[in-house]
Amino acid sequence: MRNMIAYCGLDCEKCDAYLATLNDDQALREKTAKLWADLNNAPILPEHINCQGCRVEGVKTVFCDSLCGIRQCGLKKGVMTCGDCPDMEKCQTVEAIISNNPEVLENLIENND
C-alpha cells in the first residue's frame, strides 16, 4: 500500500498542502490558505499549510493532525485506511468523501492489502 493514501482514501501526493510543503512553495501556501479559509469559513493562514502526509511521520495541517474525524478513527481502530475497516460500507463520514471524489473508493480498494 502506498503510504501517501490517507485514511479516507485521498491521495496526499495530490494535496496542495503536501505539494506546498514538499516544494517549499509560499505562493501555493497562500493560494491554498485562501481557498480553504473561504471553503471552511475559518481563519486559515499560509503558515497553517504544511503537511507531509496523513499516515506518515512529520508535520500535518491542524485539521489533518487533530480535527479530522476519519484520521482519528483510523488511528483508534489501528487500520491502514478506511478500506481495511469492516464498518466502511456503513460509515457516513467516509461516504461523504467518496460521494464528492469517486477516486477515493478506488484508492481504498486498490490499496487494501
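Trainee: Hi! What kind of model is this?
Mentor: This is a predicted model, where local features need pLDDT of at least 70, side-chain atom pairs count only at pLDDT 80 or more, and totals for chains, interfaces and linings use all residues. Residues are numbered from 1 along each chain as its sequence is written, and side-chain values use heavy atoms, leaving out hydrogens and water.

Trainee: Thanks! Which residues of helix H4 are buried?
Mentor: In H4, residues 69-77, they are Ile70, Arg71 and Gly74. Buried means under 20% relative accessible area, exposed over 50%, and partly exposed in between, with a 1.4 Å probe and protein chains only. Helices are DSSP runs of H or I with at least four residues, strands are E runs of at least two, and both are numbered from the N terminus.

Trainee: And where do those buried residues sit around the H4 axis?
Mentor: They fall within an arc of 100° seen down the axis, so they line one face of the helix. That arc is taken from the directions from the helix axis to the C-beta atoms.

Trainee: What do they pack against?
Mentor: The buried residues of H4 pack against helix H3 (62-67) and helix H5 (92-100). Contact here means heavy atoms within 4.5 Å. Just after H4, glycine 78 has a positive phi of about 75°.

Trainee: New topic: is threonine 32 buried or exposed?
Mentor: Threonine 32 counts as buried, because its relative accessibility is 1%. This residue belongs to helix H2, residues 26-40. Leaving aside neighbours within four places in sequence, threonine 32 is in contact with Asp16 and Ile49.

Trainee: And aspartate 24, buried or exposed?
Mentor: Aspartate 24 is exposed, with a relative accessible area of 61%. You'll find aspartate 24 in the loop between H1 and H2.

Trainee: How far is aspartate 24 from asparagine 50?
Mentor: They are 26 residues apart in sequence and 9.0 Å apart in space, C-alpha to C-alpha.

Trainee: Last one: which residues touch the most other members of the largest nonpolar core?
Mentor: Those are Ile70, Cys82, Val94 and Leu108, in a core of 15 residues. H5 and H6 are the elements that give two or more residues to this core. A nonpolar core is a set of buried Ala, Val, Leu, Ile, Met, Phe, Trp, Tyr and Cys residues joined through side-chain atoms within 4.5 Å.

Trainee: What does cysteine 82 touch?
Mentor: Not counting residues up to four places away in sequence, cysteine 82 touches Tyr7, Cys8, Ile70, Met88, Val94 and Leu108.
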